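Reader: Before we go through this model, I would like to learn how each kind of feature should be read, with the general idea set out before the case at hand.

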Amino acid sequence: LNFFFFPTKDWTLRITPNMYKTIGSSNIKIGQTTGFGSNLDGNLGVRIKYASLVYSGLWDHVPMLKGGTVSLGEIPNPLVDWEEQLYGFRYVNLTPWNFLSLSSTQVGVSMQGPVKFGDKMYFDYDIGAFDNASFHAFEQTDTKQFMVRGSVYPFGANWRYDGLGITGFYNYGYGNTAPDTADIPTTLKGGNAHIQRIAALVHYTAYNW
C-alpha cells in the first residue's frame, strides 16, 4: 500500500507501511551491556518503509534540469531502489549490494533527476546523505553516510530505463554499532569502521526486455 498526499503541485507526501512476519529472540543486545527481551515469534508486525516529503519545483525554470526533485525523510537510497526497478525481479532475489549489506531505505535527504539536451535525457543523477541504520534497524551512531549514483545514456533516453546506459555508484559510510563497541575489531561493524561500496553497471533496456 502506498499513500500519497499532494498539498500543492510541487509537494508530495508519501507514506508506505510494510507488514512482515516477526522473529523474536530471548535477548536482543544493543551495545555490550544493554538488551531487551522479545516474544514476537510468528506475529505480524507493521513498520514504515517510506515516509517522505518530496519537492519537485526546484529546477522548473532550468529546462536542462527540469524534473529534478529533492527528497527528505525515510527515502530510497540512490542505488537499491533504482537497481530493483531496472532488474524487475525483486520478488525472486535481492540485488547484489542489497543482499550483502545495503538496505533499500534509510533516513536522510537526497536530490535526484535527469539532465536533458532537447527532448532526450543523457544523464540521470541521485545524490544524498543518510544515517547508518535502515527502515528495519536501530540507529546506534551519530555518524552519517554519503551516496551518489550517476547514469550516462550516450545515445539519449526517453526515461532512465531506456536504451543503453552506463551507471556508477559510490557510498562512503561507517559501521552502525553502539559507542561502547566502536573499538571492537569486527569487520565493518565498529562505529570507527570506514565502509566504501562501489558498483558499476552497463545496461540495455528495450521495449520488451
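**Reading the features**

Author: Leu72 is found in strand E6, which covers residues 69–76; helices (H or I, at least four residues) and strands (E, at least two) are DSSP runs, numbered from the N terminus. This is a predicted model, in which local features need pLDDT of at least 70 and side-chain atom pairs count only at pLDDT 80 or more, while totals for chains, interfaces and linings use all residues. Residues are numbered from 1 along each chain as its sequence is written, and side-chain values use heavy atoms, with hydrogens and water left out.

Reader: How many salt bridges does the structure hold?

Author: A salt bridge is a side-chain nitrogen of Lys or Arg within 4 Å of a carboxyl oxygen of Asp or Glu, and the structure holds 2 of them. Asp124 forms one with Arg149, the closest N and O atoms being 2.9 Å apart. Because Asp124 lies in strand E8 (residues 120–130) and Arg149 in strand E9 (residues 145–157), this pair ties together parts that are 25 residues apart in sequence. In the other, Glu84 pairs with Arg90, at 3.0 Å between the closest N and O atoms.

Reader: Is Arg90 buried, exposed or partly exposed, and what is the relative accessibility?

Author: Buried means under 20% relative accessible area, exposed over 50%, and partly exposed in between (1.4 Å probe, protein chains only). Arg90 counts as partly exposed at 40%, whereas Glu84 is buried at 14%; Asp124 is buried at 5%, and Arg149 is buried at 1%.

Reader: Which residues are in contact with Ser110?

Author: Contact means heavy atoms within 4.5 Å. Leaving aside neighbours within four places in sequence, Ser110 is in contact with Thr69, Val70, Ser71, Ile75, Asp126, Ile127, Gly128 and Phe130. Ser110 is found in strand E7 (residues 105–117), and Ser110 is buried, with a relative accessible area of 3%.
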